[in-house]
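Biologist: I would like to learn how to read a model of this kind feature by feature, with the general idea given before each case. Could we start once the sequence and structure are on the screen?

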Amino acid sequence: MIPELGLFSLVLAFCLAIIQSFAGLAGAHWRKPEWLALVRPMATGQFVFVALSFGLLTWSFIVNDFSVEYVAMNSNTGLPTFYRIAAVWAAHEGSLLMWILAMSIWTLSVSWLNEEIPEVFRARVLGVMGLVNSGFMLFVLATSNPFVRLLPAAIEGRDLNPLLQDPALAIHPPILYAGYVGLAVAFSFAVAALIEGKVTSAWARWVRPWTLMAWIFLTIGIALGSWWAYYELGWGGWWFWDPVENASFMPWLMATALIHSLAVSETRGLFKSWTILLAISGFSLSLLGTFLVRSGVLISVHAFASDPARGLFILIFLGLCIGIALGLYIWRAPSLGSGAGFKVLSRESFLLINNLMLVVAAGLILMGTLYPLFMDALEMGKISVGPPYFNLVFLIPTLPMVLLLGVGMHSTWKRARWEPLRKRLKTPLLIAVPVALGLSFAWGRPSVLTFVGIFAGVWVILSAFSEIRERQEMGRNFFSLPRSMIGMLVAHIGLGLFVLGVTVTSVFSIEKDLALRAGDTVELAGYQFKLESLRNAEGPNFDAVEGMVTIRRNGKVVTTLYPQKRVYRVQTSPMTEAGIDAGWTRDLFVALGDDLGDESWSLRIQFKPLVRFIWLGALVMAFGGLLSMSEPRYRKIQKAEGVAP
Amino acid sequence: MSRFLAPILILVVLVGFFFIGLHKNPNIVPSPLIGKPAPQYELPLLLKPGETLGTEKLLGQVYLLNVWGTWCFACRAEHGVLMEIARQNIVPIYGFNSRDDPQKARQWLADLGDPYVASMVDTDGLVGIDWGVYGAPETFLIDQTGIVIHKLIAPMTMRIWHEDFLPLIQQLKAARP
């Protein structure tokens, strides 16, 4: 009965979403106040029934209702309750339901938190959002119903994939989906603006906080996924350029570009049609990612079980969504106007470069991701594109971008002057060069590119700080700066930390694969790793062999690590649980491999300098975004501008 | 005007490619061995360690070569299907026990039944490399002259057996009775 209620709620929510779209779009077109008044209640109702549906599926997991096929496929009585809940979004059907839940939460928020937006325009936005969400609900109802019964009921479930039995990965999908779907808000604002045929700076101000929020979720979601891959997959890598990772990274790049171009549209009324195009592209890449992950057209370690019918549905949905949006764009963009001009040396120019570089980076990643598909479709053979391609092409646009960032941050709108710019940048430059040189040689002999990478990171951080110092010299308190400005500086410091972490980790990491017996000692990067002993260990739903490795430096014990090799009982798949000693300046990483017989085990030990800066940088970026979002300007009702956008 | 058209053109091209891509399976990697002679090897037998078998000795018959190991979870799922195919007595199945403990492998056959005419033992996996084995289970179809006709990288199912293997086997037998 419970699962049927869940399905019924979803059907109801679908109907409400359809009414919401119609009332919103038609009500705005024909100016019918009584239709417009329907939009908010429908959005609220849609959320209530989606949440109910999601809650009922979760309930089926908690009580181990193995008469539901989806539960039987992804859970088990031996699974701890926390993972039973996380198992709801472990596979295709449930994760789509989570996507829909995220979308209805965004819808609810837009309908209640945007009092300053004129009702007609808000109705249009919500109308578009309703269409998008009803498309996803139809997808679930037609091809991916999670409530399907299994008759006769299974006695025991097949258990959750052991790779997913991890706290970081349990919360990674909800956050990432919130980000993906959040881009639908910017998309809907863009489509609504195209329908009205007007893009004003008020419009840009409305969209900015939503875009920032989605971007924050994406940033944290991607960082979590990368952190998980680092400690759970057992290889010590943190990014693999896998199609699914790329599918999350491309929308992030687009959202980043969008945030910057919105700044120009808001402040200067420029880049209007470009901003609209970015808003459409960001969500398009989210949809594209969904398609790639779920249709099975690409090989990926993360790919969901594929089904051509599902692939076809998303492809049609994707084509319709983006096609209509771009059709509106062709119709309206030429008349949006381009506003006042700007000089070559100005903040506008630097933001334009930032935008182009980010879009080029996303484009190159898209090419690499889809290249195998193109070749196969053209009958030119099966190939795969690996990390060397991505590492190289990603650097080409992003390295100059990061180097120019320091200058861009300090230049003024419309027209910047060389003289004050040079004065401001002299100090950070004079400090950055020796600091970068010192850091470059701290771990070994650097190449020129390594130095440039480290310099870029230090340079961005220092030039962000010099902005703060500058303000203080002008006699103003740092905290009197606009929040969006502080947020920008903090986010850029985060980027600098990230660049620093990536460069140092990629170049100076050391790893060794060894065969060790209990009692053996090896040396790596000045640390002595000793495999003390091996013993059998037992978890709630797995058996493991656990190594005990003590690490000494100059005779003093630094830490003791307990890497495990686990075998989960139900799916009998072996898993590596690495032992990691995390630190600000370096990680020590020990992963237990296989029993080689004659009492020796293969071990992989690694020394990874500054690896934490990668995720720390991402978190600082997200925090910067949060600061920007708290800008009071975004919440104030500005009647003068807001009457007719 | 034309610059506003570019995005939708990109979309149309992408959607076109995706549509074609939907009808292709990226996981099928054609074996370079297909249509070529099977690699030359000779390996001891699992149940009669004194005797050996290899490409040379198997010439003159159409047969299946099934790669298995007790460490391979999907092999257990496939085993019942292989038993059924063996019962049908259409082609002999030879086992290729890969990177395994012979003791455990013999126990496996004693417990689950033995669908194989004989199983060869490739303890260190070296011959498996010649065959391009990268997982298990894998099943090869080899003709009378020792040419590899077909390869399956997945557990055998009755459906695959009927749709892919049987027609090929009937052709081979019809061509050279």
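Biologist: What radius of gyration would a compact globule of 645 residues have, and what does chain A have?

Modeller: The general idea is a rule of 2.2 Å times the number of residues to the power 0.38, with the radius of gyration taken over C-alpha atoms. For 645 residues that rule gives a value near 26 Å, and because chain A has 26 Å, it agrees with a compact globule. Bear in mind that this is a predicted model, in which local features need pLDDT of at least 70 and side-chain atom pairs count only at pLDDT 80 or more, while totals for chains, interfaces and linings use all residues. Residues are numbered from 1 along each chain as its sequence is written, and chains are lettered from A and ligands numbered from 1 in the order in which they are written.

Biologist: What does the same rule give for chain B, and what span does its C-alpha trace have?

Modeller: A compact globule of 177 residues would come near 16 Å, but chain B has 21 Å. Along its principal axes the C-alpha trace of chain B spans about 80 × 40 × 30 Å, and for chain A the corresponding spans are about 80 × 75 × 55 Å.

Biologist: How many helices and strands are there in chain A?

Modeller: Helices (H or I, at least four residues) and strands (E, at least two) are DSSP runs, numbered from the N terminus. On that basis chain A has 18 helices and ten strands, and chain B has six helices and seven strands.

Biologist: What percentage of chain A counts as buried?

Modeller: A residue is buried if 20 or more other C-beta atoms lie within 10 Å of its own, exposed if 12 or fewer, and partly exposed in between, with C-beta atoms placed from the backbone. In chain A, 53% of the 645 residues count as buried, and in chain B buried residues make up 31% of the 177 residues.

Biologist: How many residues does the largest nonpolar core have?

Modeller: A nonpolar core is a set of buried Ala, Val, Leu, Ile, Met, Phe, Trp, Tyr and Cys residues joined through C-beta atoms within 7 Å. The largest one has 207 residues, and A:A186 and A:I280 are those with the most contacts inside it. Its largest share, 21 residues, comes from helix α8 (residues 201-232) of chain A. A second, separate core of 30 residues includes B:M120, B:V148, B:F165 and B:I169.

Biologist: Which residues is A:I280 in contact with, leaving aside its neighbours within four places in sequence?

Modeller: Two residues are in contact if their C-beta atoms, placed from the backbone, lie within 7 Å. With those neighbours set aside, the contacts of A:I280 are A:F187, A:A190, A:I322, A:A325, A:L326 and A:Y329.

Biologist: How many residues does helix α7 of chain A have, and how far does it reach?

Modeller: The expected span of a helix is 1.5 Å times one less than its number of residues. Helix α7 (residues 167-196) of chain A has 30 residues and reaches 45 Å from its first C-alpha to its last, close to the 44 Å expected. This helix, α7(A), is mostly covered, with 24 of its 30 residues buried, and it is followed by A:G197, whose phi is positive, near 80°.

Biologist: Where is A:K414 found, and is this residue buried or partly exposed?

Modeller: A:K414 is found in the loop between α13 (387-410) and α14 (418-442) of chain A. A:K414 counts as partly exposed because it has 14 C-beta neighbours inside 10 Å. Its phi is near 70°, a positive value in a residue other than glycine. A:A525, also not a glycine, has a positive phi of about 50°, and lies in the loop between β2 (521-524) and β3 (527-538) of chain A.

Biologist: Which two residues are joined by a cis peptide bond?

Modeller: The bond joins A:L151 and A:P152, with omega about -5°. A:P152 lies in the loop between α6 (119-143) and α7 of chain A.
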